[in-house]
Amino acid sequence: MEEGLGSLELFVLPVGKLASWTAAVAMVFGGMLPYIPQYRDIKRTQNAEGFSIYVCLVLLVANILRILFWFGRYFEPPLLLQSIIMIITMLVMLKLCTAVRMNNELSTRRRAFSDFDLQYFWLWSRFIDYIQCVLTFTVVAAYITYLLIDSSLFVETLGFFAVFTEAMLGTPQLYHNYENKSTEGMSITMVLMWASGDTFKTAYFILNQAPFQFWICGLLQVCVDITILFQAYYYERYPQKPSSHTVPFTSTKAL
């Protein structure tokens, strides 16, 4: 009997470790996967109108804050690596969207981060302007964190803002769809992968006893994902405007 239990343990332990390792890898790289179909759609159609670049803004801010939170309160390394991967992914998406938008835009006027024009915030003409903005935010946030890192109230607040900002990931796309009264140009595959990934991520947070900020905001993300999927169903079933299969991108404000 004891020999049988010992053999079972020898089998269960490696399987458990394999499952834990697989979950960790899924956490690190799973967040970027939904953007692959959207990237391919934009690349193929040379039209970025259906994708809100404010999604990139939300994720960049959220993941920069999450990395800073790690210095104040240690959490699972896969979550830290996930943040680094997501920052790279969002920069890649921004680079493509900016190039496509500039190729399709009729206006010759160029807008830059250094203009400090709030009307065109995050609607700049060159990818380097987005890099400048991200670096400025990172330096300022890192300096404030360095000054207040010993304050538990600040660290917990930083963690909350990091995950709450990420929980708002789908909100720009939700509003973009509402304004257009259509989800045309948005990758449904991307949103389905958002929903499945956020569900998995929230379960991972709970099972690995991540800070409470993580799993509460994970649940909020799932709710937003489901709402966007409902939009896709509703606007497909009850069209609000005539379909325009290949709409030329003529205005940065559409993003």
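Visitor: Which residue does Arg-126 form a salt bridge with?

Guide: Asp-129. The closest N and O atoms are 3.2 Å apart. Bear in mind that this is a predicted model.

Visitor: Is Asp-129 buried or exposed?

Guide: Asp-129 counts as buried, because its relative accessibility is 0% and the cut-off is under 20%.

Visitor: And how does Arg-126 count?

Guide: Arg-126 counts as partly exposed, at 45% relative accessibility.

Visitor: Which residues do salt bridges that share partners join into one network?

Guide: Arg-66, Glu-166, Asp-198 and Lys-201.

Visitor: What does the salt bridge count come to?

Guide: The count is 6.

Visitor: Next one. What does Glu-156 form a salt bridge with?

Guide: Arg-73. Their closest N and O atoms lie 3.0 Å apart.

Visitor: How do Glu-156 and Arg-73 count for accessibility?

Guide: Glu-156 is partly exposed at 29% relative accessibility. Arg-73 is partly exposed too, with a relative accessible area of 30%.

Visitor: Now helix α2. Where do Arg-44 and Asp-41 lie in the chain?

Guide: Both are in helix α2, which covers residues 35–45. They are 3 residues apart, about one turn of the helix.

Visitor: Is Arg-44 buried or exposed?

Guide: Arg-44 is exposed, because its relative accessible area is 63% and the cut-off is over 50%. Asp-41 is partly exposed, at 26%.

Visitor: Switching topic. Which residues make the nonpolar surface patch?

Guide: Val-140, Tyr-143, Ile-144, Tyr-146, Leu-147 and Leu-148. The patch is about 640 Å².

Visitor: Take Leu-147. Which helix does Leu-147 lie in?

Guide: Helix α5, residues 127–148.

Visitor: And is Leu-147 buried or exposed?

Guide: Leu-147 is exposed, since its relative accessible area is 53% and exposed means over 50%.

How values were computed
Residues are numbered from 1 along each chain as its sequence is written. This is a predicted model: local features need pLDDT of at least 70, side-chain atom pairs count only at pLDDT 80 or more; totals for chains, interfaces and linings use all residues. Side-chain values use heavy atoms; hydrogens and water are left out. Patches are made of residues with over 30% relative accessible area and no salt bridge: like charges are joined within 9 Å, nonpolar side chains (Val, Leu, Ile, Met, Phe, Trp, Tyr) within 5 Å. Accessible areas come from the Shrake-Rupley method with a 1.4 Å probe; for residues, only the protein chains shown count as cover. A salt bridge is a side-chain nitrogen of Lys or Arg within 4 Å of a carboxyl oxygen of Asp or Glu. Helices (H or I, at least four residues) and strands (E, at least two) are DSSP runs, numbered from the N terminus. Buried means under 20% relative accessible area, exposed over 50%, partly exposed in between (1.4 Å probe, protein chains only).
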